[in-house]
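Here are my notes for you, as promised. Have the viewer open while you read, and click on each residue as it comes up.

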Amino acid sequence: MEFIVAKDYDEMSRLAADKIAACLKAKPTCVLGLATGSTPIGLYAQLVRDFEAGEISFADAATFNLDEYRGLSPEHDQSYRYFMEQNLFGKVDVEPSRTHVPDGANPDHEAACAAYEQAIAQVGGIDLQLLGLGHNGHIGFNEPADDFPVDTHLVGLTESTIQANSRLFDSIDDVPREAYTMGIGTIMKARSILVVASGADKADIVKRAFFGPVTPQVPASVLQLHPDVTVIVDAEAGAQCA
Ligand code: F6R
C-alpha cells in the first residue's frame, strides 16, 4: 500500500486526478470504477480541466460506479447517476453507453445486481477503482458487518444514513431506504485501487482502516490485503498516521 499525505484538499485532488489521468494515458480503453460523495468532487473538476486542456480523453474508456439508490430514476437530482452527469460525464468525452451505474430504477434487485456483475466481467474487469471512505469505514454502501459481502447486492440504509440524507430531500419519507452497491469482492477484484479521504473528521477512520486490524467491522481495512492500493489523504485526514 502506498500512503500519501497531501498538504490540503486541492493537492489531494490533483494527485488523485493525476493517477486516473495516467491510467487513461497508459490504456485509453481502461475501465474506471468511480465513486460519488463530496471527497471526489475536486478530483473530478481537475479531470475536467485536464480534458479541456487536451491532456486526457475518456473517449475509449468505460466507467462503473460503486453504488446507486434503489428506487431513484437516473434523472432524480439525488441519484448518483445525476451526480456523475453533473460532475464528470456531462463535461468530458466519455461515451454515455459505456458509463455504468447500478440501475436504481430496476425494482428486481437480483436482476439488477447480477446484470451489474456481468457487465463488469464482460469488459474484462475494473482497472482502477476510486473509493471514498465513510466515517465508519464503509466503502460503497458496504457498512460494518460480521462478514465482507462479496458481489453487487441490495442493502438497507441505516437509520443514521437516512437521517443524514434527509436534508437533501423534501421530506424524510422521500429518502430511499435501500441501495445497490458493489460488494467487497467486486471492489477487491479491481486491478488497482485509489482511496481518497479529506478533513479532520476522517482522521480516526483513516488510521483504523489502513493501520489497524483487518476486520469486516471496518470494511475499508480489507484493502490492506489488496496488492495495489494507493491512499491519498489531506494533512487533516492523515494527522493520526504520522
Ligand atoms: C460513494 C460511496 C460512499 C462514499 C463515502 C464517503 O459512491 O460509495 O462510500 O465514498 O460515504 O463520502 P464523502 O466523500 O462524502 O465523505
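Predicted model: local features only at pLDDT ≥ 70, side-chain atom pairs only at ≥ 80, totals over all residues.

1. Let's begin with the ligand. Which residues come nearest to the ligand? There are 13 residues around it, and the nearest are Thr-39, Asp-67, His-138, Gly-140 and Lys-202.

2. Now zoom in on the ligand's oxygen atoms. For the side chain of Asp-67, the distance from a ligand oxygen to an N or O atom is 2.5 Å. With Lys-202, again counting from a ligand oxygen to a side-chain N or O atom, you get 2.7 Å. As for how covered the ligand is, on its own it would expose 410 Å², and the protein buries 85% of that.

3. The ligand takes up the largest pocket. What is the shell around the ligand made of? Its residues split into 8 polar, 3 nonpolar and 2 charged.

4. Next, go to Ser-166. You'll find it in the loop that runs between α5 (159-165) and β8 (178-181). Is Ser-166 buried or exposed? Its relative accessibility is 19%, and the cut-off for buried is under 20%, so Ser-166 counts as buried. Its side chain also reaches the backbone oxygen of Gln-163, at 2.6 Å.

5. Thr-152 is another loop residue, this time between β6 (128-131) and β7 (153-156). Thr-152 counts as buried because its relative accessible area is 7%. Look at its side chain too: a polar contact of 2.7 Å joins it to the side chain of Glu-117.

6. Last stop: Val-195, which sits in strand β9 (residues 192-197). Its relative accessible area is 1%, so Val-195 is buried. How far is Val-195 from Pro-74, in sequence and in space? The two are 121 residues apart along the sequence, and their C-alpha atoms are 25 Å apart in space.

7. A quick recap to check yourself against. Ser-166, Thr-152 and Val-195 each count as buried.

How values were computed. Residues numbered from 1 in each chain as written. Heavy atoms only, no water. Near = heavy atom within 4 Å. Polar contact = N/O pair within 3.5 Å; in protein donor to acceptor, adjacent residues only side chain to side chain. Areas by Shrake-Rupley, 256 points an atom, 1.4 Å probe, with all protein chains shown as cover. 1 Å grid on protein atoms, 1.4 Å probe; cavity = no way out; pocket = protein on both sides within 12 Å on 5 of 7 lines; lining within 4 Å. Sits in = over half its atoms within 2 Å of the grid points. Nonpolar A, V, L, I, M, F, W, Y, C, P; charged D, E, K, R; others polar. Helix = DSSP H or I, 4+ residues; strand = E, 2+ residues; numbered from the N terminus. Buried < 20%, exposed > 50% of the residue type's maximum accessible area, 1.4 Å probe, protein only.
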